[in-house]
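Open the model in your viewer and keep the selection panel at hand. The tour starts at the ligand and then moves on to the aromatic rings.

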Amino acid sequence: MPETTAATPSSPIDLPTTPLARAAEVPVPAADELAGRFALTPNPAPADEAERAERLANPGFGSSFTDHMAHARWIAGQGWTGHGIIPFGEISLSPAAAVLHYSQEVFEGIKAYRHADGSVWTFRPRYNAARMAASARRLAMPELPEEDFIASLVDLVRADAAWVPTGDGESLYLRPFAFASEPFLGVHPARVIDYYAIASPSGAYFTGGLTPISIWVSSDYHRAGRGGTGAAKTGGNYAGSLLPQQIAAEQGCDQVCFLDDVTQTNIEELGGMNLMVVDADGTVRTPRLTGTILEGSTRSAILRLLSDAGRAVVEDTISLAGLLDSIRSGAVTEVFACGTAAVVVPLGRLKGEDFDVELSGHEVTSEIHERLTAIQNGTAPDPYGWMYRLV
Ligand code: COI
């Protein structure tokens with residue numbers, strides 16, 4: 001179980017609080033020092049300027065990819081080998097590769113942002129590096145050294161810098177991932193693991209941008225259970241969320257929200273985003289990390305920003321019944337979702353088997369969206385040293 005704050009319900013957070021937040025504080029060597037760990041084999045047939053411009057014109061999310069990808073392989077007894085930036089393309093895998101059968105896989109999501117002077121930056125890369133290592137430990141996989149993880153992003157973004165979009169709300173979404181490639185059907189931790197990082201020019205995750213989204217609260221299905229893999233970023237958690245997400249869509253909702261699996265009464269998170277609740281007195285509450293919630297880098301940064309702005313910020317047990325009552329009475333004015341891909345997005349509606357409530361507030365949501373994205377886009381100072389220059 002991950003370490004959480006010692007905060008009792010309704011006590012303000014003393015930040016930083018978790019191993020990941022503390023890991024993210026460790027300085028990262030300058031990109032020039034890390035560059036070159038993943039040697040470049042240039043793509044012999046990169047997209048030409050016209051094709052790149054067309055794909056950058058309206059990037060959407062996650063559907064278009066750059067010319068290169070990072071790769072390294074771990075072999076038991078040898079460690080990590082073959083670090084390189086290679087042409088983006090299909091990968092060949094044995095049909096017996098363990099990941100296809102037993103889902104031994106972990107991944108990350110992190111963005112590269114173009115600043116007005118043309119430089120390219122990323123956000124708290126050591127946070128993601130440490131989370132990928134923690135996810136790997138939970139999945140009985142070898143950890144990629146944190147600085148190799150960051151170096152792979154430095155070398156990939158340097159190779160594909162022309163692909164970092166410049167539009168409002170746009171970025172280059174980076175997707176590092178590792179999986180069991182050993183061809184073996186016995187159930188054991190694989191002796192061969194492949195690591196890749198791919199890059200995708202991206203706009204808003206939700207096409208409406210800051211337009212409020214609607215949420216279906218799943219009562220039949222849970223995302224994670226005690227002692228399971230909920231705190232790890234692994235594909236299985238997302239696979240399990242697809243059917244409830246499909247049900248959410250059938251109910252006319254954009255996203256699904258999961259309750260805890262033990263009491264089935266407390267809200268945990270969405271399919272791929274954390275949740276925050278804004279009380280009428282300005283307090284912001286978020287579900288405490290119980291081991292079944294993925295600790296988001298955006299969640300962690302927002303808690304810090306809100307706390308430093310003088311708000312009471314609380315990691316708490318948030319019951320669905322209490323939340324619904326508070327929305328109806330006006331004691332809760334806003335609820336928002338946050339994540340790397342989604343950034344910050346307000347909830348406009350919460351629906352379930354026997355309720356359907358609307359929310360109209362978005363003042364704090366917009367304020368935190370503005371504050372966070374200004375730091376990420378380099379239009380506001382970064383007093384935390386969160387931004388890391390890649391190019
Ligand atoms: C991210 O926010 O980076 C994620 O991996 C979540 C996913 C829903 C895209």
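A polar contact here is a pair of N or O atoms within 3.5 Å. Keep that cut-off in mind for the first stops, and note that the model is predicted.

Stop 1: Select T340. One of its backbone N or O atoms lies 3.4 Å from an oxygen atom of the ligand. Move to A341. Here a backbone N or O atom is 2.8 Å from a ligand oxygen. Now pick K233. A polar atom of its side chain lies 2.8 Å from an oxygen atom of the ligand. On its own the ligand has 280 Å² of accessible area, and the protein covers 89% of that.

**Stop 2: the shell.** Show the residues around the ligand: F107, G109, Y173, R175, Y205, K233, G272, T340 and A341. Colour them by class. You get 4 nonpolar, 3 polar and 2 charged residues.

**Stop 3: the ring cluster.** Select F61, Y173, Y205 and F206. Ring pairs link these residues into a cluster. Y173 and Y205 also belong to the ligand's surroundings.

Stop 4: The structure holds 10 aromatic pairs. Take F177 and Y196. Their ring centres are 5.7 Å apart and their planes meet at 20°, so the pair is stacked. F177 sits in strand β7 (residues 171–180) and Y196 in strand β8 (residues 192–202), so the pair links distant parts of the chain, 19 residues apart.

**Stop 5: a charge over a ring.** Finish at F184. The charged end of R191 sits over its ring, 5.4 Å from the centre.

Definitions and conventions:
Residues numbered from 1 in each chain as written. Predicted model: local features only at pLDDT ≥ 70, side-chain atom pairs only at ≥ 80, totals over all residues. Heavy atoms only, no water. Near = heavy atom within 4 Å. Polar contact = N/O pair within 3.5 Å; in protein donor to acceptor, adjacent residues only side chain to side chain. Areas by Shrake-Rupley, 256 points an atom, 1.4 Å probe, with all protein chains shown as cover. Nonpolar A, V, L, I, M, F, W, Y, C, P; charged D, E, K, R; others polar. Phe/Tyr/Trp six-rings, centres within 6.5 Å; stacked < 30°, edge-to-face > 60°. Helix = DSSP H or I, 4+ residues; strand = E, 2+ residues; numbered from the N terminus. Lys NZ or Arg CZ within 6 Å of the ring centre and 35° of its normal.
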